[in-house]
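Open the model in your viewer and keep the selection tool handy. We will go from one stop to the next.

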Amino acid sequence: MADDVLTDLPSLARLLETELRDRTETGVQLSIAHDNRQYEIAVGDNGSGSPLTTGTFVPWTCSSKPIGALAFAQAWDKGFGRHRRPGR
C-alpha cells in the first residue's frame, strides 16, 4: 500500500485495506487536495494483475465519477434531495 501517503490518512488506509482484502475493488487510484496538501494514491492492481500506479491510465467511465459527485453537490446546495432525518 502507499504507506508514505496513507500515514497521514489512517481512516482511508483502513478503508482501502478492507476494500482490497474483501475484493470489493482490485485497485484504487485517488487524488486528494486538502489543507494545502496534495495526495496521489494508487493501491492494488489494474484488474489484469499489473500494479496500479498514480500514472496508470484509468478509463473515463471511472474518471467521470467526480463529475457526478459535483452535480449531486450542486443539486444538494440548491435544496434538492434533503435527508428526512439529520445525519450523524
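Two strands count as paired if DSSP finds at least two bridges between them; helices (H or I, at least four residues) and strands (E, at least two) are DSSP runs, numbered from the N terminus. This is a predicted model, where local features need pLDDT of at least 70, side-chain atom pairs count only at pLDDT 80 or more, and totals for chains, interfaces and linings use all residues. Residues are numbered from 1 along each chain as its sequence is written, and side-chain values use heavy atoms, leaving out hydrogens and water.

Start by selecting residues 27-34, which are strand 1; 8 bridges join this strand to strand 2, and the two run antiparallel. Leu30 stands opposite Ile41 in strand 2. The two strands form a hairpin with 2 residues between them, and Asp35 in the turn has a positive phi of about 55°.

Next, select the largest nonpolar core, whose 10 residues include Leu16, Val28 and Ile41. Such a core is a set of buried (under 20% relative accessible area, 1.4 Å probe, protein chains only; exposed is over 50%, partly exposed in between) Ala, Val, Leu, Ile, Met, Phe, Trp, Tyr and Cys residues joined through side-chain atoms within 4.5 Å. Helix 2 gives the most to this core, with 4 residues.

Now go to Arg21 and Asp22, whose side chains meet in a salt bridge (3.3 Å, N to O). That term means a side-chain nitrogen of Lys or Arg within 4 Å of a carboxyl oxygen of Asp or Glu. Arg21 counts as exposed at 59% relative accessibility, while Asp22 is partly exposed at 45%.

Finish at Asp45, in the loop between strand 2 (37-44) and helix 3 (60-63).
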